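Subject: Structure handover

Hi there,

Here is the structure I promised you, with my notes below it. Have a look at it first, and then read on.

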Amino acid sequence: MTTPGAGDSIRAGDSVRAEDAVALEKPAAERTPSDGAAPVVEHRLHPVTPLRRAWAPVAVLAGWAVHDPNQAQEQLTRLTSTTLLIAIAVVVPASALYGFLSWWFTHFAVTDTELRIRTGLLFRRTAHIRLERVQAIDVTQPLLARVAGVAKLRLDVIGTDDKDELAFLGERQARALRAELLARAAGFAPETAHEVGEAPTRELLRVPPRSLALARLLSGGTWAALLGVLVLVPLLWTATNWWTALVAGLPILGAAGAGTVGKFVAEYDWTVGESPDGLRLDHGLLDRSHETVPPGRVQTVRIVEPLLWRRLGWVRVELDVAGSANSLLVPVAPRAAAEAVIARVLPGVSVPDAAALSRPPKRAGRIAPGWWRGYGIAVTDAVFVSRHGLLRRHLALVPHAKVQSVRLTQGPWGRLWRLASVHVDTGADKTVSARLRDAQEAAALLQGQADRSRTGRRDALPDRWMA
């Protein structure tokens, strides 16, 4: 019996049946499942894809030139005009051939239970992505892709760190395929999943460009860079000369400006919508992204309140999602609007105000002078809440059902002043801490949180989409 070659790899930890192993070696037109179901139809990517992949050999040469610029310059000076023309005549067709072959040998197919992606010319790779393990599918469109009318699908799969992607598909095809995969992941029958279509979206929040620009200007990183330049440049000018001060100050200003403008461009026209398959995030000025956050996979919600935003009543909402890189829910919004969105992520949860948070005892100031005032906790029937920070406040909400473990730590100074910290670990490999609590309170909090987490997991609803 024939088995996959040594160069093949299987993703998502799924075993391959012998019948499937035989089918993988057959041409696309001959591949039929052994159980009498409909044949597996394989598809190719959009014909514009070779143009994207043809740049790979050129990128290798550019990387070599950047890595060793002196040797690259020496080699270029030795080339005559004739040799250079011959090199171009060889590199350009070779790049085009590489792009075409990489496109020709890339196929994808949707079966009853999985998405298969076959790639590779010499070393073949077959990714088997189980549909029930797919937790989010994002549609992204870089600027040139928007011009060409194509899009990229990126899949978040439970248990994998890297995202599999299909780049590129026609824009309509990408959206239709995304809707079909989400429908199958939600439990719809394969014969009806393609008829479900894209789930309707109800807009919850849209960030105005003016508010986003002002929030970027009022961010702490921008002002810290400006303050550093105002201090560093005069000192260097006095100690050395104006040229040294200019060379040192310009990169700092450039990095601060690029970071501010880059975030504004990426977060432009940020829209949060609600649909049966999760929260939809649409954003981007040049590169447009359409992301999905399945609420059932959210482990922690963080409300960030920078110092310069407080007078305006603005906050930023961040997420910890298990197995996903999506970490931003709202870049900037009034607190009331942000809490309304949080209520859709964590149904039945209300964000406690500052008065409801319990501070550490005053003797905590002997360990963290001043900063202890920024600490606070609250425990409700649904979530564990912890706050830290004075200049930049962070308020974290962890549903009890998402807590994986609870730990108590106490250093030598903590034992001296009868203080301890309780750490709550979530399924996203992140930790939320209640710092510098009274030792007896921390012990009771440890036991109580363990009981609440166990009860929360038992009573939690399954993480199913389109429920």
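Before the sheet, one definition: two strands pair if DSSP finds at least two bridges between them. Helices (H or I, at least four residues) and strands (E, at least two) are themselves DSSP runs, numbered from the N terminus. Please keep in mind that this is a predicted model, in which local features need pLDDT of at least 70 and side-chain atom pairs count only at pLDDT 80 or more, while totals for chains, interfaces and linings use all residues. Residues are numbered from 1 along each chain as its sequence is written, and side-chain values use heavy atoms, with hydrogens and water left out.

**The sheet and its helices**

Strands of a sheet pair through backbone hydrogen bonds, either parallel or antiparallel. Here, an open sheet of 7 strands runs in the order S7-S6-S5-S11-S10-S9-S8, and its pairing is antiparallel. At the edges sit strand S7 (164-170) and strand S8 (202-206), each of which pairs on one side only. From one strand to the next, the twist averages 20°. Strand S5 (residues 134-141) and strand S11 (residues 288-293) run antiparallel and are joined by 3 bridges. Which residue of S11 is the bridge partner of Thr140? That partner is Ser289.

Helix H7 packs on this sheet, where it touches S5, strand S6 (150-157), S7, strand S10 (278-283) and S11. Contact means heavy atoms within 4.5 Å. The direction of H7 makes about 135° with that of S7; axes are lines fitted to C-alpha atoms, for helices over the stretch in contact, and angles run from 0 to 180 degrees between N-to-C directions. H7 (residues 171-185) has 15 residues and reaches 21 Å from its first C-alpha to its last, close to the expected 21 Å. That expected span is 1.5 Å times one less than the number of residues.

Buried means under 20% relative accessible area, exposed over 50%, and partly exposed in between (1.4 Å probe, protein chains only). Just after H7, Gly187 takes a positive phi of about 110°.

**Salt bridges**

Side chains of opposite charge can pair when their charged atoms come close. A salt bridge here is a side-chain nitrogen of Lys or Arg within 4 Å of a carboxyl oxygen of Asp or Glu, and a search of the whole structure finds 23 of them. One of them joins Glu114 and Arg116 at 2.6 Å, N to O, and both of these residues are buried. Another joins Glu132 and Arg130 at 3.5 Å, N to O. Glu132 counts as partly exposed because its relative accessibility is 45%, and Arg130 is partly exposed too, at 22%.

Arg407 and Asp425 also meet in a salt bridge, at 2.9 Å, N to O. This pair links distant parts of the chain, with Arg407 in strand S18 (residues 403-409) and Asp425 in strand S19 (residues 419-426), 18 residues apart. Elsewhere, salt bridges that share partners join Glu114, Arg116, Arg130 and Glu132 into one network.

Rings of Phe, Tyr and Trp (its six-membered ring) pair if their centres lie within 6.5 Å; planes under 30 degrees apart count as stacked, over 60 as edge-to-face and the rest as tilted. The whole structure has 4 aromatic pairs. Among them, Phe100 and Trp103 form a tilted pair, 5.8 Å centre to centre with 50° between the planes. These two residues are 3 apart in helix H5 (residues 81-104), so about one helical turn separates them. Phe100 is partly exposed at 38% relative accessible area, while Trp103 is buried at 13%. The rings of Phe100 and Trp104 have centres 5.9 Å apart and planes at 25°, so this pair is stacked. Ring pairs link Phe100, Trp103 and Trp104 into a cluster.

**A glycine in a loop**

Gly427 lies in the loop between S19 and strand S20 (431-438). It is partly exposed, with a relative accessible area of 32%. Leaving aside neighbours within four places in sequence, Gly427 is in contact with Gln299, Ala322, Lys402 and Gln404. Of these contacts, Lys402 is 25 residues away in sequence and 6.4 Å away in space, C-alpha to C-alpha.

Happy browsing, and write back with any questions.

Best wishes
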